[in-house]
Amino acid sequence: MKLDDAQLKQFRDDGYVILPELFSADEVAVLKGEIPDIFAQRRDENFREKDGDTVRTAFATHNYNDVYARFVRHPRILAPAEQMLDGQVYVHQFKLNAKAAFNGDVWQWHQDYGTWKRDDDMPTSNAMNLAVYLDDVNEFNGPLYLIPKSHKRGVLEAKHDLSTTSYPLWTLDEGLIREMVEDGGIVAPKGKAGTGFFFDSCLVHASPPNISPWDRLIVYISYNNVENAIREFNRAEWIAHRDFTPLKVEPDDCLLARSSAAAE
Ligand code: SIN
Ligand code: MN
């Protein structure tokens with residue numbers, strides 16, 4: 001699957017594009033079917049909220065779970081990533097962000113490439129995020145907030161926040177956020193489970209805590225062009241990957257065909 005000209009233009013102009021119904025309810029069910037087992041595992045890759053129990057982020061699932069290994073190679077997300085990054089890609093980071101009902105904590109204002117540059121020495125911003133909603137995302141359960149067009153400002157000054165949440169992040173100054181919001185506003189893309197949401201690695205974004213009774217699980221794949229591989233290995237391998245082998249695409253039915261074969 002490739003993005004059409006209008007979708008590419010929106011991605012370039014606004015820094016993001018939303019693809020409703022990118023994955024079917026059956027495909028979402030296959031992806032979600034793996035979650036209880038993944039979240040139950042006490043492993044380094046599973047970051048907990050400050051309560052020490054609720055999963056905040058499960059990193060690198062695609063490296064040990066077969067369904068997610070296929071998912072990162074799915075043509076509906078891998079092909080657009082290759083198209084937008086203009087070449088072969090590998091996974092720089094993979095995360096299942098749970099944003100659990102009542103307990104999901106804030107993600108402060110930040111740019112992903114700001115972190116990848118400072119922490120991992122990624123040479124350029126020719127990398128991006130492809131998100132797929134695994135729950136319905138509404139105005140109450142901690143949707144992403146993003147500032148359209150903010151990606152055009154390049155890498156912004158940031159400070160390393162080690163205390164607000166359980167996960168360290170390079171976060172942006174409030175005055176700068178105010179100025180950018182006056183310019184571009186804030187958008188909070190909502191959608192059904194299965195919605196695809198692709199955004200530029202320099203797009204400024206955040207999300208509020210989830211005090212609703214609804215979980216808000218989103219899976220994020222950060223693809224990077226293989227020519228743009230990171231040069232410093234400061235963070236754990238399961239946060240900033242070192243395997244720069246280009247991904248090979250799977251068939252379009254790779255989630256459903258193999259799961260029904262496994263059930264036979
Ligand atoms: C992120 O910015 O990486 C995560 C934000 C979220 O899942 O709400
Ligand atoms: Mn982010």
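How many nonpolar, polar and charged residues does the lining of the largest cavity have? By class, seven nonpolar, seven polar and four charged residues make up this lining, where Ala, Val, Leu, Ile, Met, Phe, Trp, Tyr, Cys and Pro count as nonpolar, Asp, Glu, Lys and Arg as charged, and the others, Gly among them, as polar.

The structure is a predicted model, in which local features need pLDDT of at least 70 and side-chain atom pairs count only at pLDDT 80 or more, while totals for chains, interfaces and linings use all residues. Residues are numbered from 1 along each chain as its sequence is written, chains are lettered from A and ligands numbered from 1 in the order in which they are written, and side-chain values use heavy atoms, with hydrogens and water left out.

A search of the whole structure finds one cavity of 30 Å³ or more. On a 1 Å grid over the protein atoms alone, a cavity is a set of points where a 1.4 Å probe fits but cannot get out, a pocket is an open set with protein on both sides within 12 Å along at least five of seven lines, and lining residues have an atom within 4 Å of a point. Grid points are joined across faces, edges and corners, and a volume is the space filled by probe spheres set on the points. The largest cavity holds about 180 Å³ of space. Of its 18 lining residues, K95, W107, H110, D112 and H205 lie nearest its centre. Strand 4, strand 5, helix 6 (112–120) and strand 11 each give two or more residues to this lining; helices (H or I, at least four residues) and strands (E, at least two) are DSSP runs, numbered from the N terminus.

Ligand 1 takes up the space of the largest cavity, a molecule being placed there if more than half of its atoms lie within 2 Å of the grid points. The residues around ligand 1 (a heavy atom within 4 Å) are K95, N97, W107, H110, L144, H205, S207, R216 and Y220. Strand 4 (89–97), strand 5 (107–110) and strand 11 (205–207) each supply at least two residues of this shell, which divides into three nonpolar, four polar and two charged residues. Polar side-chain atoms lie 3.3 Å from an oxygen atom of ligand 1 in K95 and 2.8 Å from an oxygen atom of ligand 1 in Y220. For S207, a side-chain N or O atom is 2.6 Å from an oxygen atom of the ligand. Taken alone, ligand 1 exposes 260 Å², of which the protein buries 99% (Shrake-Rupley method, 1.4 Å probe).

Conventions
Polar contact = N/O pair within 3.5 Å; in protein donor to acceptor, adjacent residues only side chain to side chain.
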